[in-house]
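Hi,

Here is the structure I promised to pass on. Have a look, and then read on for what turned up.

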Amino acid sequence: TMARSHTALCLALLLALLASAASASADAWRGALEAKADAFVMGHSKKLEPHHRLDVLLRVADAPPLSALRALAPTRNTSRGERIGRIVQHLREAADLRQAPLLRLLSHHSIPHRPFWIVNAIHVSANLSTVAWLAKHESVLAVECDESFRALLELPDAVEEVPAAAPPRSTRRPDTALDTSSHIEWNVHFINADDVWHTGVRGEGMVLANADTGVEYSHPALRRQYRGMTREEEGNTWAQQGDEGAFSHDYNWWDPVTHSEHHSTCGSNLRKPCDDHGHGTHTTATAVGSDGAQNSVGVAFEAKWIACRNMDAGVGKPSYYISCLQFFMAPTDLSGHNPKPELAPHVVSNSYGCPPSEGCNPHSLTAAVDAIVSAGIFMSVSAGNDGPRCGTVDSPPAVIDSAFAVAASMKNSYSIASYSSRGPITVDHSNRVKPDITAPGSSVRSAYPRNTYAVLSGTSMAAPAVAGSVLLLWQSDPALEGDIEATNERLYLTARPLASTVCAEAYPPPAGEQRDLAYGGGMIDVLAAVQNRPFA
């Protein structure tokens with residue numbers, strides 16, 4: 001009996017020692033994380049065991065300020081491609097220098113990773129103890145959460161089947177003629193885009209990029225405008241869906257979803273555009289869509305579009321968003337190689353949010369947006385659908401100063417939609433003023449997958465209307481192209497002033513601030529902007 005008691009006591013002591021060692025080990029790797037990790041990574045470290053896998057961004061350097069990037073690309077005596085190329089080269093060289101030691105370590109230990117030069121960070125997927133070990137590396141400045149979250153995307157009020165229409169023989173219509181039998185959607189007419197078309201300005205020569213759930217590129221309202229379309233017609237016959245000989249997706253499409261974890265109907269690593277939700281098809285067409293017949297759903301229907309899928313069946317994550325912005329700044333082939341900054345779009349339309357409440361650290365996304373804007377690429381972003389409370393513009397990219405945040409109005413009305421997020425920005429205690437402008441966002445009809453059309457409501461529908469408006473403005477006034485500050489000022493001065501006193505009473509604006517906390521600068525008027533005619 002004494003021998004058994006002695007054995008039991010030894011075993012208990014051994015188990016206590018092992019538990020103490022495990023606890024000390026856990027405390028050690030959590031301590032290594034605490035110095036550099038954000039709150040959400042630390043939250044995961046307290047809930048998960050060391051062997052559990054976590055996706056993070058290892059930031060190796062702070063981003064250069066927006067002014068420093070702009071100084072790299074003077075507009076005088078340089079082409080647009082050269083200006084963007086200089087900024088891209090600077091960012092790539094800085095990333096190569098700072099990331100090299102860490103990349104060698106990750107490769108040596110076969111740790112899955114993906115580097116990003118646009119934010120000087122590396123995406124890593126590893127267990128918690130490995131993440132803690134990497135956090136101790138001298139190259140790592142911060143560890144940011146990169147876990148996925150369900151995006152709150154607008155769903156259709158109605159979907160309608162529309163027979164596919166044969167497109168026109170040419171993508172360019174005569175400057176003196178416009179098919180007035182085409183049905184022009186209310187939101188397009190409300191901002192006077194159709195009046196701009198009658199001046200011959202319809203977006204020709206401009207390129208839109210859309211970061212969203214993907215795009216159904218074969219849709220009759222979008223096929224003709226896809227920059228990847230290399231053969232418009234065969235005789236008088238429109239190229240049939242599935243005729244891939246008519247398309248080149250290199251430099252026009254990017255899919256950062258390497259493995260679909262959410263049962264996407266499109267799959268992953270897509271080598272041609274696909275939309276597993278419908279939201280991206282709708283927003284792209286709101287900016288540039290038209291079937292050339294009965295469905296004029298887009299603001300700048302002669303512009304071209306490219307796209308990137310930044311969600312997996314409606315589930316986003318920061319690294320997807322960053323990957324898309326990097327692709328837009330220097331489009332690559334489908335393998336991610338041979339970047340060509342000269343093929344960067346003029347405008348990026350973003351109808352998504354990256355909420356801090358879901359673990360989205362705003363730092364890296366801010367660096368990516370600032371890099372895009374420094375290159376003279378306009379960023380039109382949705383303000384969010386969390387109104388009517390004040391202070392509900394609370395997620396990047398809408399909270400980023402360099403992005404142009406768009407509120408939504410009701411149908412055929414100058415009244416702000418109840419769901420449209422209001423300023424000021426309170427999440428960082430800055431009380432900065434957003435949104436920047438208002439556009440139609442309620443009951444917007446646009447293209448939807450399977451060659452249909454759908455009606456959706458949200459600030460996601462308002463942002464592409466502004467994106468399309470900037471495409472028209474820049475075609476009409478080449479001197480404004482790439483000048484973001486002058487473009488913003490033109491849009492403010494020519495918008496219809498609108499105001500709401502509710503949030504202004506709670507949060508008095510700074511002296512001289514003209515933007516309203518619900519409407520921003522007011523309702524966009526693209527005809528007035530093109531004519532440089534301030535609202536009277």
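The link between Cys 390 and Cys 503 is left-handed, with -100° about the S-S bond. Cys 390 is partly exposed at 23% relative accessible area, while Cys 503 is buried at 4% (buried is under 20%, exposed over 50%, partly exposed in between; 1.4 Å probe, protein chains only).

This is a predicted model, so local features need pLDDT of at least 70 and side-chain atom pairs pLDDT 80 or more, while totals for chains, interfaces and linings use all residues. Residues are numbered from 1 along each chain as its sequence is written, and side-chain values use heavy atoms, without hydrogens and water.

By that sulfur rule there are 4 disulfides. Cys 308 and Cys 324 make a left-handed one, with a torsion of about -70°, whereas Cys 354 and Cys 360 make a right-handed one at about 95°. The pattern is 1-2, 3-4, 5-6, 7-8, counting bonded cysteines along the chain. Cys 145 is in no disulfide; the nearest cysteine sulfur, that of Cys 360, is 8.9 Å away.

Mean pLDDT (the predictor's confidence in each residue, from 0 to 100) is 87 for the protein chain.

Cheers

Methods
A disulfide is a pair of cysteine sulfur atoms within 2.5 Å.
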